[in-house]
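This report covers ring contacts and helix packing. The sequence and structure come first.

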Amino acid sequence: GPAAKCVGAVNALRRKPGGGWHGDLFDGAGFVSGARQRGIELGGRRVLQFGAGGAGSAIAYELASAGVESIRLVDPNAEKVQKLCTAIKNYLPNFDITPARHGSSFEQENINMVINSSTVGMGGAKGIPGDIPTMHAEMVVGEVNVTEHGTDLIRLAIGAGVKWADGAHMHAGQIDEILAFFFNRV
């Protein structure tokens, strides 16, 4: 799929009829589908995304394809951020994706969606992945990690009364995509 072309990662493989393998990555499609199933409108969103690894790359690509207005990326590895920005701009030349500037600029850019596609919160680890804008009525939150009682970011979203989707919603959103892939419906 396009996300796999963008990032070179896969999380499902199937055998080709003539031999060899075909792989694809479904984290991005699953995230977008799960968010929509939760009633989150993606069109026009100004996204602050933490994480530019495999899942983060796929999610950023799918968000760009789904009509978000912009993405600001944060990852400790600046090279990963730059590579992802370049790859998405090569695929969608007019899309607004750049490394994030820290602090108050998030409010100035009217960020209205925060996504954690980093490992912060994985396995029940505590913490918010970085500086985030103040939660407000237009804000939505996305999280790839799943914990029994929600990550700190999801608990913050719940406390603020904003819409959110977590890793369980992403995984549920992947089901149709993965079934189509395995049964050659793509």
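Tyr-91 is partly exposed, because its relative accessibility of 45% falls between the 20% and 50% cut-offs. Tyr-61 reaches 5% relative accessibility and so counts as buried. The model is predicted, and these are computed values.

| Residue | Relative accessibility | Class |
|---|---|---|
| Tyr-61 | 5% | buried |
| Tyr-91 | 45% | partly exposed |

A search of the whole structure finds one aromatic pair. Tyr-61 and Tyr-91 form that pair, with ring centres 5.1 Å apart and planes at 70°. The geometry is edge-to-face, because the angle between the planes is over 60 degrees. Tyr-61 belongs to helix 3 (residues 54-65) and Tyr-91 to helix 4 (residues 78-91), so the pair ties together parts that are 30 residues apart in sequence.

Helix 3 also packs against helix 2. The axes of helix 2 (residues 27-37) and helix 3 come within 7 Å and cross at roughly 55°. That angle makes helix 2 oblique to helix 3. The crossing of the two helices is right-handed. On the helix 2 side, Asp-27, Gly-28, Ala-29, Phe-31 and Val-32 make the contact. Helix 3 contributes Ala-55, Ala-58, Ile-59, Glu-62 and Leu-63.

One more ring contact deserves a look. Which residue lies over the face of Trp-164? It is Arg-38, at 4.4 Å from the ring centre.

Conventions. Residues numbered from 1 in each chain as written. Predicted model: local features only at pLDDT ≥ 70, side-chain atom pairs only at ≥ 80, totals over all residues. Heavy atoms only, no water. Phe/Tyr/Trp six-rings, centres within 6.5 Å; stacked < 30°, edge-to-face > 60°. Helix = DSSP H or I, 4+ residues; strand = E, 2+ residues; numbered from the N terminus. Buried < 20%, exposed > 50% of the residue type's maximum accessible area, 1.4 Å probe, protein only. Lys NZ or Arg CZ within 6 Å of the ring centre and 35° of its normal. Axes fitted to C-alpha atoms, helices over the stretch in contact; angles between N-to-C directions. Parallel < 35°, antiparallel > 145°, perpendicular 65-115°, else oblique. Left-handed = near helix turned anticlockwise from the far one by under 90°. Contact = heavy atoms within 4.5 Å.
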